[in-house]
Amino acid sequence: MNLPILTQPRSIAALEKWYADQKLPNYQFTRYFIGINYKKARAFGICKDESTGNFIVYSNDSAGKRTLVYDGPSESEAAGIFFEKLNGEVTRHKESLDKDLQKKKKEENPGIMKQAYGGFGGFILKTIKLVFIYLAGAIAVITIMILGARFFSSSPADGYYKYEDTLYYFEYA
């Protein structure tokens, strides 16, 4: 994922403008130097070599040893090489910040169940479901037993019934 840009900077001045537009921290913090021939350790930069007139893109390692990434007359090519490296680094850094921010939000707001039950939301929720299932089953069994007892009882309910071809009236007292 590259940062949104309309055109890639093709000069040192355009790189400086892009850098400012991105609101990046100062060069000492990012270690990316635009238009500065920085000779100390841990630096990546682009500048114009006044003695040869060439544009150089350099990388200084942690010991201060310089490696020339590009040394040539094309400012556009030098700016493109520098921009690819800088843009890639800025993109990686922003993605890392986004992931850290998402992780922090997730830790701060773990979800309604963890908030309500102190982290045991899944266990308590399963237990509550099981209790309701067993309760519903027990109610169903008791209802069937009551209906069965009433249906198969030997004593009649209130009203008329027939016994050996004789009609009787039963009143429950």
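**Close-up views of the predicted model**

View 1. Helix H2 (27-30) and helix H3 (75-108) each supply at least two residues of the lining of the largest pocket, and H3 gives the most, with 5 residues. This is a predicted model, in which local features need pLDDT of at least 70 and side-chain atom pairs count only at pLDDT 80 or more, while totals for chains, interfaces and linings use all residues. Residues are numbered from 1 along each chain as its sequence is written, and side-chain values use heavy atoms, with hydrogens and water left out. Helices (H or I, at least four residues) and strands (E, at least two) are DSSP runs, numbered from the N terminus. A pocket is an open set of points on a 1 Å grid over the protein atoms alone, where a 1.4 Å probe fits, with protein on both sides within 12 Å along at least five of seven lines; lining residues have an atom within 4 Å of a point.

**View 2. Residues around the largest pocket.** The lining is made up of Tyr19, Leu24, Pro25, Phe29, Thr30, Tyr32, Leu86, Glu89, Val90, His93 and Lys94, which divide into 7 nonpolar, 2 polar and 2 charged. Here Ala, Val, Leu, Ile, Met, Phe, Trp, Tyr, Cys and Pro count as nonpolar, Asp, Glu, Lys and Arg as charged, and the others, Gly among them, as polar. About 230 Å³ of space lies in this pocket, the volume being the space filled by probe spheres set on the grid points.

View 3. Just after H1, Lys23 takes a positive phi of about 55°.

**View 4. An open sheet of 4 strands.** The strand order is S1-S2-S3-S4, with mixed pairing, where two strands pair if DSSP finds at least two bridges between them. Strand S1 (32-34) and strand S4 (66-72) stand at the edges, each with a single partner strand, so one side of each is left without a neighbour in the sheet. Strands S2 (residues 43-48) and S3 (residues 55-60) run antiparallel and are joined by 6 bridges, and Gly45 has Tyr58 in S3 as its bridge partner.
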